[in-house]
Amino acid sequence: MEKILVAGATGYLGKYIVKTLVDRKIHTTVLVRNPTKFKTFGIPVDSLVQAEVTNQSTLEGCCNGIDVVISTLGITRQTDGLSYMDVDYQANLNLLNEAKKSGVRKFVYVSVLNGEKFKTLKICEAKEKFAEKLEKSDLEYCIIRPNGFFSDMTEFYNMAKNGRIYLFGDGKLKSNPIHGEDLAQVCVDAINQEKKEIDVGGPVTLSQIEIAAAAFEAAGKPIKITHIPDWIRRLILRSLKLILSTNKFGPIEFFMNVMATEMTAPEYGVHTLANYFNSLNNEKNIERPVV
């Protein structure tokens, strides 16, 4: 039986990958910075390794006996003074170097859809720089490029709940975001597949207007959409770049560029965005006990 190590196991996607591996009865080791946080998930893994991935020395021996590494390491918002280059690039490179040293067979890396087209953006620059290192390594590899996560679409629901959704442009650009549970299946399947790159999205492709309509329906609100000319988006980006630090500007830069791009990938999975929005509404409607 092959042994798999998952890096980034306490993250949104990492948790689903670990659960999928365990459900399939695959020997699973998790690499985490905070063991206490992972243990709250209640997932019975075979082994747990504590390390700080940005510190190469703490990774020594973490891949001993491991056949395949799956890495979801990356940050959407810089914390602890770390940059995209520190985590999305260097931390993954540290892990790759350790994997090579330990004789790991394959490295599966989760990047982002259209990352090659967005290399001028800080987050994608770091991800693609590591992807290039992985491609040139002697290991078998697979780079998975998912569309946005359902969790990234939560802001549509929040705006709908407040009564109005704002879209840049005409709202006709399409995307098919994917649920973490569906994406985890793709990541685990990649262990024994020969594909070196996989673009993947959710099972339903929708325009931004259709996404907004689904959010309004879940929130129980009438459809009210304001279309903002794209030149305003570009002006906002130029202005924010001048006044915000790189740490704060990075996530905004990525989101606003994605919102102005057709983001479609091969459809996969069973979870729909409409059901996700409905689940958010159900969470809002749960009565909390008074304490």
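The dialogue below reads several features of one predicted model.

User: What should I know before reading this model?

Analyst: It is a predicted model, in which local features need pLDDT of at least 70 and side-chain atom pairs count only at pLDDT 80 or more, while totals for chains, interfaces and linings use all residues. Residues are numbered from 1 along each chain as its sequence is written, and side-chain values use heavy atoms, with hydrogens and water left out.

User: In what order do the seven strands of the open sheet lie?

Analyst: Strands of a sheet pair through backbone hydrogen bonds, either parallel or antiparallel. Helices (H or I, at least four residues) and strands (E, at least two) are DSSP runs, numbered from the N terminus. Two strands pair if DSSP finds at least two bridges between them. Here the order is β3-β2-β1-β4-β5-β6-β9, with parallel pairing. β3 (47–50) and β9 (197–200) are the edge strands, each pairing on one side only. From one strand to the next, the twist averages 15°.

User: How many bridges join β4 and β5?

Analyst: β4 (residues 68–71) pairs with β5 over four bridges, in the parallel sense. S71 has Y109 in β5 as its bridge partner.

User: Which strands does α1 touch?

Analyst: Contact means heavy atoms within 4.5 Å. Axes are lines fitted to C-alpha atoms, for helices over the stretch in contact, and angles run from 0 to 180 degrees between N-to-C directions. Helix α1 packs on the sheet and touches β1, β2, β4 and β5, its direction making about 165° with that of β1. Helix α6 (residues 180–189) also packs on the sheet, where α6 touches β4, β5, β6 and β9 and makes about 165° with the direction of β6.

User: Why are α5 and α7 called oblique to each other?

Analyst: Angles under 35 degrees count as roughly parallel, over 145 as roughly antiparallel, 65 to 115 as roughly perpendicular and the rest as oblique. The axes of α5 (residues 154–161) and α7 (residues 208–219) come within 8 Å and cross at roughly 55°, so the two helices are oblique to each other. Among the residues that meet are F156 and Y157 in α5 and I211 and F216 in α7.

User: Which residues have the most contacts inside the largest nonpolar core?

Analyst: In soluble globular proteins, nonpolar side chains tend to be buried together. A nonpolar core is a set of buried Ala, Val, Leu, Ile, Met, Phe, Trp, Tyr and Cys residues joined through side-chain atoms within 4.5 Å. Buried means under 20% relative accessible area, exposed over 50%, and partly exposed in between (1.4 Å probe, protein chains only). The largest core has 39 residues, and those with the most contacts inside it are L31, C63, V69, L95, F107, F130 and L134. Its largest share, eight residues, comes from α3. The contacts of V69 include L5, C63, L95 and F107.

User: Are K25 and N114 buried or exposed?

Analyst: K25 counts as exposed because its relative accessibility is 67%. N114 counts as buried because its relative accessibility is 13%. K25 is in the loop between α1 (12–23) and β2 (27–32), and N114 lies in the loop between β5 and α4. K25 has a positive phi of about 60° although it is not a glycine; for N114, phi is near 65°, also positive in a residue other than glycine.

User: Where is T226 placed?

Analyst: T226 is in strand β11 (residues 225–228). Its relative accessibility is 25%, so T226 counts as partly exposed. Not counting residues up to four places away in sequence, T226 touches R164, I165, Y166 and L167.
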